[in-house]
Amino acid sequence: MEAKDHKKHQKKLSGPKAVRKKNKKQQEQGVEEEKDERRRNPKAFAVQSVVRMARNFHRTQDLKAKKHHIPLVDRTPLEPPPIVVVVVGPPRVGKSTVIRCLIKNFTQQKLSEICGPVTIVSGKKRRLTFIECGNDINTMIDLAKVADLVLMLIDASFGFEMETFEFLNICQVHGFPRIMGVLTHLDSFKNNKQLRKTKKRLKHRFWTEVYQGAKLFYLSGMVHGEYQKQEVRNLGRFISVMKFRPLVWQTSHPYVLADRMEDLTDPEAMRVDPKCDRTVCLYGYLRGSYLKNRSQVHIPGVGDFAVADVSFLPDPCPLPGEQKKRALNEKERLLYAPMSGVGGVVYDKDAVYIDLGGSHANQQQEEPRPTTELVQSLIGTHATLDAKMAASKVSLFSGTAAMTPAEVEDAGDNTSPSESRVFDPQTQRERRRAVFADEDEEEDESEGDSEGEEEEEEEEEDEGEGERESGSESEEEEEDDGAESEGEDNEGEKILKGKEEQMTQGAPVPVKRRRVEEEEEEGKKGENEVPAFADSEDDLELSEGEEESEGEELETEEEEEEEEEEKERDRDSERGGQGVADSGHCSEEEEEEDDDNDEEEEEESGASEMGEDLPKSSNGVKGSNVKPEQEKMEEEGILCFETEGALRWKEGLAQKAADVFLRQQQTKVNLRKLVYGTVAEEEEDEGEDEEELGGLFRVSRPEKGKRQRADGLDCTRYPPDGTHDWDQEEMLNSIRDCFVTGKWEEGKDAATLLKEDEDMYGDFEDLETGEVHKGKSEKKEDQEEEPSGEEDEDEEKEEEVMKVYDDEEERKKARLEKKRRLKERFNSEYDEGDATYFDDLKEEMHKQAELNRAEFEDVDDDLRVQYEGFRPGMYVRLEIPAVPCEFVTNFDPHYPVILGGLGASEGNVGYLQMRLKKHRWHGRILKTRDPLIMSLGWRRFQTIPLYHIEDHNGRHRLLKYTPLHMHCGATIWGPITPQGTGFLAVQSVAGTQSGFRIAATGVVLDLDKSVTIVKKLKLIGYPYKIFKNTAFIKGMFNTVLEVAKFEGASLRTVSGVRGQIKKALRTPLGAYRATFEDRLLMSDIVFLRSWFPVSVPQLYNPVTSLLRPVGEKDSWTGMKTVGQLKYEQGIRRQPEKDSLYKPVVRAKRHFNPLHIPKQLQKALPFKSKPKMTEKKGKVPRDLQRPAVIREPHEKKVAALLTALSTVHSYKKKKARAKQRLQHKGFLRQKEQEEMDKLKRQKEARKKMYRVMGQKEKKQQKSSLRGARNDD
Amino acid sequence: MQLELGCSNNNMASYNLTYEGCNFFRQRLILSTLSGKRVKIRNIRSKDDNPGLRDFEASFIRLMDKITNGTTIEVNQTGTALFYQPGLLYGGAVEHDCNLQRSIGYYLEPLLALAPFMKSPIRAVLRGVTNDQKDPSVDTLKATAIPLMKKFGLDGEGLELKVVKRGMPPGGGGEVLFTCPVRRCIKPVQLSDPGKIKRIRGIAYSVRVSPQIANRMIDSARSILNLFIPDIYIYTDHMKGVHSGKSPGFGLSLVAETINGTFLSAELASNPQGQGDPVQPEDLGKNCAKLLLEEIYRGGCVDSINQSLVLLYMTLGQQDVSKVQLGPLSPYTIEFLRHIRDFFQVIFKIETQNQEEDRKGGEKVLMTCVGAGYTNISKTVK
């Protein structure tokens, strides 16, 4: 053995690990670790500016908040559907090659032709569905709506093409899935530099369209017609780890990208009328949200349909089971592409199709290995499946003979022929194979499509009755009995019924039954008569159900109970087996019947043991307390003669449910069945006291009970039935604990809560006193420990050890518990301190998501689909009736078939008000009332939009054209779609046109059933009589009534005079009196400006591109614009004569002289008075001065003189300026001198005054002294 | 019920639902309005001596017409058949004179169900009988339905129910103001624990009779309820003059509130003037208290008159699991559940819960559903 040379260890040279190692090494060597910058030089990092710091903080917070998305409830299923990878690009760019390479990369299989979606398992938790998108704009629009990931192929040698941008814009409108660019044809570049440049250029353009840093792949060169392995692998790796953000439309609507289509139409109907509507089955993974049965779907390119039936099938391409492995093995790398003819065996609900090669045998040769695996596994299941189906079905009739095929056919004939074809052989098979009874119930889709359903429903009904245990059973029996005894009854149905009974009943049981019934009959004395008519199918089914229930009830001996139990068991198994793949509204009841039946059984046995003497005619299911009321009901004589009205059973149920529930009977009533159960009620009433007159006529009586129910009082109040006597102490006690004063539950009462708190906060030290308080629990433990130690001394050591051990355990547990609680509390407190609104919201959403997951997790799938609907990730089969035959005859798998589920009232039409903007790349502006093809929601349709703009007062004014670079409103008649949904518009989907095809984009704002768009309307009138400010206007209206309607409306004339309509005149018709703010002229034209409501044309024309013949699917044309029609037919518009331009001819206007009244003239000042001066006469000729004409010499002289005088005047001016300046200086000097003089004088005066003052002082002093002296 | 596929308008496939009889008339119309499905009702009292729609039903149809836009209603000549094609819910200011045969509660209940899904917040003024013996009274709805709506995220300023005037049958003359904000979608709820009753409140009203009557009712009601809880307060509401309507009468409405915010109610009104024997206020008070005990016995997180409302809101929620615990289902609720299945394809998981102890009333029912993901398509976005 040669030792494998392992890959050498590569030392990390960078990254955290390398740094850590380096540091360690340095430490070991004793080198001082280089300190952190911050620590080494703290001053440099000190706060320099508080403001800047605050700003920084704000900025970081802003950035953080920007990153938040609105938290959504995570509704992704546990097993998600495959991710839809749409590969788009212009023709010949290599789309198919990429898909082929990727498929080969993931599954090691080679597909020669790719047709329709291809589903593969790409990893342990991920599946991919590849689909190629052609260049038809219809396909592009449809696929953009369902895509999770778009691989956008770009021919690098050519550059971007229009399709690429068109698709990007479509994606943008419909929610923007993840987009990855792939550059191909890179090998055509010979020059490396040019290659690099091109790459960079394309990359940056791509980034501006998608987002900065969007992933762009480069697929350089092909090798043997395939891309290079490593590059494909990288691409695949990227795809399989990509994460997705949920898109609003996709997550709120269920949708299926159909990967298989079957035509279920009855061949006979097709033969008779080849163009008849088809019933079609479509298969695919359900995505988006829950799909309810019987909901509406839209198939883009076909139309709206109501789903007749939905069922789920086993996953054809399942994810591998749980393992610890890292990679998938070969077996798990599955591939499923029925449209491409891969995966030779395909399942249906009721059949298995095996592809025998034929047209695509060569393909199968290409990929022999996995296909056979798949086939083998499928074949294996197929065999067991059959057995199981058979087993499950047969157990229903255990103890009875199997039906013969002929009878089955008889039975089948009653149903609609289209269904029966599919169904019949199946039933045969089922019934024959009675032997394999107790197999499991994995995957049998045994029931026929809709007939199966019916059958089940009816069965349920019957069984339901059986459980509902009222008097009805016995009566039914009687009916049956009657049928048996009157076996010669004319009605074929009856015979059939009788037959069936004979067939289905085992030998011993019927005998007994009959005996019992006879007894009953005797007891009842002819009350029981044959029901005059009953639904045949019902009867058929009835017999089965009844027998079972009757069997239970009537067998009172214990030996028979064993039989019964067997029966029960059988039935249980049957029920388990039934309806794995059943849809909608039926099979859930069966599940519950099991329980019910069991209960019944128990009760019944109890009853029978208690009193065997109970009259056998009354069914002992209920216990005796029920009986009286039933009898009462019988006495009341509730009759029901008519055929089953759909409502009847329901109404009864309501009453009954209420009664039954209130009475709190011992038997548990299955509420679900009472509410939703499809239990036929009429049997209860029927045959009770039907009277026949002469065996032919029946007494017609008003059905009191039924009428009361259907026409009862519509009231939500629910009055008590009076069984509870609230005067009694025990009744009062029964609700004692509903009050806070009552007893609380364990763990919720105050004592427990208090104790818990004590446990947590028990230990504390009083800091003031220094006293230590200890928790109770610990004290107890201490106390316990001590005595135990003392007491147990004498006892055996073992025990002691054990006890200690136990104690230890307990204490440990307690400690752990305490720790946990403390931790919890700490966590909660810690979070609380830091928690934001965002966190709270997120937490709430998370909780809801958990609940959503957990609620129905352990419910069986077929029951679960009824509560939730079909959940995304399931492989479903949708049966759709009344599809146009062209869908099938012109089916082309290259075009995607999408089933988009519609929400409540999305199937209706109404007016949609939207905000629209003409796309900036679209060449022309759009015209109002030109038909436009819109893509909105799932739909593509042609409609006629009206453009409008909102005025400042909220008025929607009609626009003739869309504005160039602005949003405007648009109103269409179309499908109701939730507000906020984006849409795009194209003018035509046929062929390829030059230029950018997307004409406009926008969003839905409002939905309504009426519109408020108006356009301006100017009514014109002419004055025919003018008084001062009043004028009579004619020509605006035609009748008095019209005028009356506009009384008080404001008017305006061309010259700007404003006015108001006052009142209509008698003649001429339509004339009126109006007042104005000034006198009108006869030449004035009067306008009335008003707004006229515009109606939106109700055109909703779905684009039915999928119905076109193969090869012409991209040539759908709808309604043409007027312009197109005119162009095609060469019609030119005749302009109105008024609109033509003519030369303007204006009459000369003549103004009268201004006349000023004399009085006024007098009052005027002289200046304003008209002067009486005569006009200046003409100057006589002799006084006119001749013009002087100079000779050249004179001219020169004159010029010189002017020049000289100019020079002179300049000099003069200069001199004067100089002089002025001088004078100014002189004045200043003089002033200065003056000032100086004044100063001097002042000083001199000051001196003088001082001297004088001193003198005076002296004098005074001397005088004072003198006076003293005198004294 | 019967389904028929109609493709009448423009390639749109939608179901026609057909029902019979006049019972559950309101729920059919409101569910039709919310789901956008058309409804046909046949055989309305067809075998009755006085066939066809009654005045109060016609009045209800008129109310529906007022709050919607684009609704088509066709009634045949005898009034025994009705075709209803729903429009969009408009809301806004609405005034309606309710028929006196039924009280305002009859008209208010559907309004409560529809109000959050209008285009503009509704402000409805309803005139007629405020309290009668058939329908839930305005007081009870105010005390129970409004707090219930708050749990679905319909809180805020706009939600209000105000009794402006009180009117007793047969004369009427009452007036109620109801305003409600609009929402784009409704929150899911989990109401599985009703909690224990902490207080009992109530209103004893009397119009055009002696004000003492209210006190007499209160005393007698307290005498029974005091056995359970001391926190009882019953308001007396004696309206006078123009606010007292046209007929005399009195009544009592009691509400028990739990610590988890559940409201259980019971009410009783006196016989209308000139019909039946006069009722003693003491008897009425006692009987009403007993009715409240019965309601408490039934229990649940929602009282019996609001069962259908809570189930409707749960159905119309987002696609999340909602749960509610109810007492025994009333016949009206049971029919409502069936109608929900017909209109929205939503089926409830119904589980009976047994009380482990005996002293907490009767059996409860836990209803679980996944919302239909309904959004308000009438509301305008700007």
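**Sheet architecture, burial and salt bridges in a predicted model**

The accessible surface of chain A comes to about 74300 Å², and 52% of that surface belongs to carbon and sulfur atoms. The structure described here is a predicted model. Of the 1271 residues in chain A, buried residues make up 44%, and the secondary structure of this chain comes to 37 helices and 38 strands. When contacts in chain A between residues at least 6 apart in sequence are considered, 77% of them join residues at least 24 apart.

Within chain A, seven strands form an open sheet with mixed pairing, in the order β6-β5-β4-β1-β3-β2-β15. The edges of this sheet are β6 (216–218) and β15 (335–336) of chain A, each of which pairs on one side only. Strand β1 (residues 83–88) and strand β4 (residues 149–155) of chain A run parallel and are joined by four bridges; A:V88 has A:M152, in β4(A), as its bridge partner. Helix α4 (residues 95–107) of chain A lies across β1, β2 (118–121), β3 (127–132), β4 and β15 of chain A, and runs at about 160 degrees to β3(A).

In chain B, strand β11 (residues 174–180) is largely enclosed by the rest of the structure, because seven of its seven residues are buried. Both faces of β11(B) are covered, with B:G174, B:V176, B:F178 and B:C180 buried on one side and B:E175, B:L177 and B:T179 buried on the other. Strand β9 (residues 120–128) of chain B runs antiparallel to β11(B) and is joined to it by seven bridges, while strand β10 (residues 160–165) of chain B pairs with β11(B), also in the antiparallel sense, over five bridges. B:V176 in β11(B) stands opposite B:L126 and also opposite B:V163. Elsewhere in chain B, helix α8 (residues 331–344) contains B:H339, which is buried, with a relative accessible area of 0%. Leaving aside neighbours within four places in sequence, B:H339 is in contact with B:Y19, B:F24, B:Q27, B:R28 and B:L31.

Side chains of opposite charge can pair when their charged atoms come close. A search of the whole structure finds 48 salt bridges over all chains. One of them joins the side chains of A:D861 and A:R871, at 2.9 Å from N to O. Because A:D861 lies in helix α32 (residues 861–868) of chain A and A:R871 in the loop between α32 and β22 (875–883) of chain A, this pair ties together parts that are ten residues apart in sequence. A:D861 counts as partly exposed at 25% relative accessibility, whereas A:R871, at 18%, counts as buried.

A salt bridge also links A:R864 with A:E868, the closest N and O atoms being 2.9 Å apart; these residues are four apart in helix α32 of chain A and are therefore separated by about one helical turn. A:R864 is buried, with a relative accessible area of 12%, and A:E868 is buried with a value of 1%. In the salt bridge between A:E1077 and A:R1058, the closest N and O atoms are 3.3 Å apart. This pair links distant parts of the chain, 19 residues apart, with A:E1077 in the loop between β36 (1072–1076) and β37 (1086–1093) of chain A and A:R1058 in strand β35 (residues 1058–1064) of chain A. A:E1077 is partly exposed, with a relative accessible area of 44%, and A:R1058 counts as exposed at 54%. In chain B, a network of salt bridges links B:E95, B:D97, B:R127, B:K165 and B:E175.

Technical notes
Residues are numbered from 1 along each chain as its sequence is written. Chains are lettered from A and ligands numbered from 1 in the order in which they are written. This is a predicted model: local features need pLDDT of at least 70, side-chain atom pairs count only at pLDDT 80 or more; totals for chains, interfaces and linings use all residues. Side-chain values use heavy atoms; hydrogens and water are left out. Two strands pair if DSSP finds at least two bridges between them. Helices (H or I, at least four residues) and strands (E, at least two) are DSSP runs, numbered from the N terminus. Contact means heavy atoms within 4.5 Å. Axes are lines fitted to C-alpha atoms, for helices over the stretch in contact, and angles run from 0 to 180 degrees between N-to-C directions. Buried means under 20% relative accessible area, exposed over 50%, partly exposed in between (1.4 Å probe, protein chains only). Accessible areas come from the Shrake-Rupley method with a 1.4 Å probe; for residues, only the protein chains shown count as cover. A salt bridge is a side-chain nitrogen of Lys or Arg within 4 Å of a carboxyl oxygen of Asp or Glu.
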